[in-house]
Amino acid sequence: MYLPSWLSQLYRGLSRPIRRTTQPIWGSLSRSLVLSSQRRNPEFSSFVVRTNTCGELRSSHLGQEVTLCGWIQYRRQNTFLVLRDFHGLVQVIIPQDESAASVRKILCEAPMESVVQVSGTVISRPAGQENPKMPTGEIEIKVKTAELLNACKKLPFEIKDFMKKTEALRLQYRYLDLRSFQMQYNLRLRSQMVMKMRDYLCNLHGFVDIETPTLFKRTPGGAKEFLVPSREPGKFYSLPQSPQQFKQLLMVGGLDRYFQVARCYRDEGSRPDRQPEFTQIDIEMSFVDQTGIQSLIEGLLQYSWPNDKDPVVVPFPSMTFAEALATYGTDKPDTRFGMKKYLKRKDIESIRKFSADHFDQEILPVFLNTNRNWNSPVANFIMESKRPELIRLMETQEEDVVLLTAGEHNKACSLLGKLRLECADLLETRGVVLRDPTLFSFLWVVDFPLFLPKEENPRELESAHHPFTAPHPSDIHLLYTEPKKVRSQHYDLVLNGNEIGGGSIRIHNAELQRYILATLLKEDVKLLSHILQALDYGAPPHGGIALGLDRLICLVTGSPSIRDVIAFPKSFRGHDLMSNTPDSIPPEELKPYHIQVSWPTDSKAAKAH
Ligand code: ASP
């Protein structure tokens, strides 16, 4: 079987023989869990009317009688037709002789993007007419019969990757957008990576794939949740932000290696890297420490990484939260670049404006000339004797520009971190490649603080990760004296400046969990009484992590948005533009839920409904 190179890369992972599970689970169950170690390329034409896919035919198929199904991509002078399926393109010759008038009529009259079935013989193209750019370019199909399976009406946009179309239009006609090469590639690569992840976790490491409910209860703290009304007056389900509580309860239940491709819901509105519903590779293990989880994830990514990319190198480097903030101004540093040069004076003005507008903070540039002399409005305020020390600390070289700011540590660092990325954007528009798109730079960020001051009331605390995260063993005593100083056993995985995963070792002691929830976080403990109770029944030490699958695939495929790796995503405002969701419900259908809509009084808002 011939695959286009992108497809064969994608499916190559399938032919790799897998190790047999040797760990018996329970007697006979273990036997049925052992998978065949013989795997082949997938059969794309089993159980269907076609004999081959459009993209797979080559000179070796010459003389074969084939049946193909596909969409009409091009037609030239009523003589040639190019048929397309997910696998590629193939040229079909429209018969010209009178005896084939009915076949010719079908193939000449069917509009572009109609779906047709043709049967005929694979023949070689006349000498000199081969198309080396087309994988099937040496052959063509001499048609005997043709059937119009379904005609295509006038399209809202052309199904060609190079045709520019707005995202709104693509989302409104998503089923057409999915016919593009790019969407086909993204979704098939996603499926392949997930399949290899399952293989790694279940077959090589004995994980159990367990589904957990999506109708659940409100969880204190964290992201806003979607509500689902119930028929009991005033009672609601919540859609879970993640299966966090369930996976911990599974550990209590002795299912000590859990994983799930889990759908999660957060009512936060979309951003380029967020969706109200998204997918996590969710993992939890008993009797594990931070290093164990990190090694598992490094192995998982290495195993499931696409074959056409440079292999993943493990172990990933690691950096503490404090170091990341102090040196990169963010907890998710893009470590593909250091970046210090090429700024022009006029850029400094826009940088100063950005700092003032977004951070209400003054920024002062220092230009170093070839002798490393200072040219800066701050020069007068920094003693001459201190300047060499600053230059040494900042490891500057001749002609560097240094941006200085002063103020509260976290705020000043975050501003500089943002400016670093702004400067990178600026320089890249000038053709300086800083962030190599083929480079994948993984980084663990560790030793986060357990608590952060609440945004709306900085005197109160909130969890930096979530309330089930265990404190760092050497900081436990500080919980009772200076909780703000406690570090946690929380770790994030960062890829090219994006957080693609996060997890922690959990609290498995009910008393400690109750103290953190009630005394430090001031949460309503009743909401979590089930989990507190479970911890009291011999809960094992445990920890886990969740990888954001959409973001990961987005980065791997180099897509501009996570919407490009989700078959049916929501728009920027959280709408499904294809089906017009969310939609209104007639009042009589709301009655069983004891719900009444109170329409906004604001006239503009009312009109919008
Ligand atoms: N449930 C967490 C999250 O969604 C991940 C974890 O701690 O395992 O961020």
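The conversation below concerns helix packing.

Tutor: This is a predicted model in which local features need pLDDT of at least 70 and side-chain atom pairs count only at pLDDT 80 or more, while totals for chains, interfaces and linings use all residues. Residues are numbered from 1 along each chain as its sequence is written, and side-chain values use heavy atoms, leaving out hydrogens and water.

Student: At what angle do helix 6 and helix 15 pack?
Tutor: Helix 6 (residues 181–204) and helix 15 (residues 549–557) pack at about 120 degrees, with axes 10 Å apart. Helices are DSSP runs of H or I, at least four residues, numbered from the N terminus. Axes are lines fitted to C-alpha atoms over the stretch in contact, and angles run from 0 to 180 degrees between N-to-C directions.

Student: Which residues of helix 6 and helix 15 make the contact?
Tutor: Among them are Tyr185, Leu189 and Met193 of helix 6, and Leu549, Ile553 and Val556 of helix 15. Contact means heavy atoms within 4.5 Å.

Student: How do the residues of that contact divide?
Tutor: They divide into 9 nonpolar, 2 polar and 2 charged. Ala, Val, Leu, Ile, Met, Phe, Trp, Tyr, Cys and Pro count as nonpolar, Asp, Glu, Lys and Arg as charged, and the others, Gly among them, as polar.

Student: Turning to helix 8, how far apart are the axes of helix 6 and helix 8?
Tutor: Their axes are 8 Å apart, at an angle of about 135 degrees, and helix 8 covers residues 290–304.

Note on methods. Helix = DSSP H or I, 4+ residues; strand = E, 2+ residues; numbered from the N terminus.
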